Amino acid sequence: MAADRPATNRFWTLSGKPLGPWPDAETFELREAPVEAPADGQALTRTIYVSLDPYQWGYKKRGVEPAGAPCHARTVSEVLESRMAGYAPGDLVFNTNGWSELGLMGEGVARPSYMFPRRLDPAEGRISLAVGVLGMLGLTAYAGMVLMAEPKAGETVVVSAASGGVGQIAGQLAKLRGARVVGMAGRDEKCRYVVDELGFDACVSHLRPSLAEDLRAACPAGVDVYFENVGGSSFDAVLPLFNRGARMTICGLIAHYGDAPGSDARAELMNRGAPIFAARGVSVRGLAVGDFIGRHQEFLDFVSPHVAAGRIKYREDIRRGLETLPDAFAEMLRGDNFGKMLVQVSTDPTAVQP
């Protein structure tokens, strides 16, 4: 065994009990297993940050994750041992260790095809940003807003879950293109942050019974682009405000992730909106970030300078400790987080020590 290779690995997996609409205390199980040595073409990595995102609950409910395997998540990790060309111990990487202290990456490691490992340079920004504004979340916002919706100067853009990981980026990208941007968020402090810190022109709370009236008042010229992260009452409030030729990107429907198995929230949304979509020529497109991996470097070249210069701001909500993952995940799905939800499970060697 390599001198720096731990003997055991701890990780969270699904317990095997039937899943309810939302995760609870019996959904996950903490396990230990012997650490595998990396084979040729592989590297053993230590997880530093775990990204928690709403789509992961859909993975679990659809049975995408193998039984007994670590729960899926994108991660930032440090290479401990390498038999993988181009990677050496101490390298920092974006990979997909999941809810696990350790993980293998490289040849023969089962991952979605677009979850490629990528070396990180701390000089380009905090390494945690690799699972946020400079990672797949940022690419999601860039693809859905810039490449698909194409907001124009002077248009009105609405973004739901505006203080969340994707929403805060999507809205700022629209502002950079000269659009008037209105957010929808939850608590009043989130709405203040969206306007005062992110620079949105207005923000309304989806928690208020007056949501529809508040949004109409914030969008006196109607809505030209809608970046959908939520569904439910947020979609219902936007629907009558669509202008002719409006564009809608469906990134997520978090309000429906607890729906009964077999339900099709996207189809139901399309059915509800069909009369207005047809009458006003509204184009609706679903976003699959894996379709845009070929634009990843283009995205980084565009976004990175804006982040470095502070023109794109980004808030993280970081919890600490492997044990906190289930509770943090449930909080994120309820919207109790404030910013991009991460869990730090080991020491970040690049962090400034107090």
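These legends walk through a few close-up views of side chains that meet in this predicted model. Local features are shown at pLDDT of at least 70 and side-chain atom pairs at pLDDT 80 or more, while totals for chains, interfaces and linings use all residues. Residues are numbered from 1 along each chain as its sequence is written, and side-chain values use heavy atoms, with hydrogens and water left out.

**View 1. Arg247 and Glu155 form a salt bridge.** A salt bridge here is a side-chain nitrogen of Lys or Arg within 4 Å of a carboxyl oxygen of Asp or Glu. In this pair the closest N and O atoms are 2.8 Å apart. Arg247 sits in strand E12 (residues 242–250) and Glu155 in the loop between helix H2 (136–149) and strand E8 (156–159), so the bridge ties together parts that are 92 residues apart in sequence. Helices (H or I, at least four residues) and strands (E, at least two) are DSSP runs, numbered from the N terminus. Arg247 is buried at 14% relative accessibility, and Glu155 is buried with a relative accessible area of 14%. Buried means under 20% relative accessible area, exposed over 50%, and partly exposed in between (1.4 Å probe, protein chains only).

**View 2. Here are Arg334 and Asp336, another salt-bridged pair.** Their closest N and O atoms are 2.8 Å apart. Arg334 is exposed, at 55%, while Asp336 is partly exposed, at 37%. The structure holds 20 salt bridges, and Arg10, Glu101 and Glu323 are linked in a network of them.

**View 3. Phe28, Trp57, Trp99 and Phe329 make up one aromatic cluster.** Rings of Phe, Tyr and Trp (its six-membered ring) pair if their centres lie within 6.5 Å; planes under 30 degrees apart count as stacked, over 60 as edge-to-face and the rest as tilted. By that rule there are eleven aromatic pairs. Take Trp99 and Phe329: their ring centres are 5.3 Å apart and their planes at 70 degrees, so they meet edge-to-face. Trp99 and Phe329 are both buried.

**View 4. Tyr142 and Phe302 pair up at a tilt.** Their ring centres lie 5.8 Å apart, with the planes at 45 degrees. Tyr142 belongs to helix H2 and Phe302 to helix H8 (residues 296–308), so parts 160 residues apart in sequence are tied together.

**View 5. The charged end of Arg119 sits over the ring of Tyr87.** That means CZ of Arg, or NZ of Lys, is within 6 Å of the ring centre and within 35 degrees of the ring normal. For Arg119 the distance to the ring centre is 4.7 Å.
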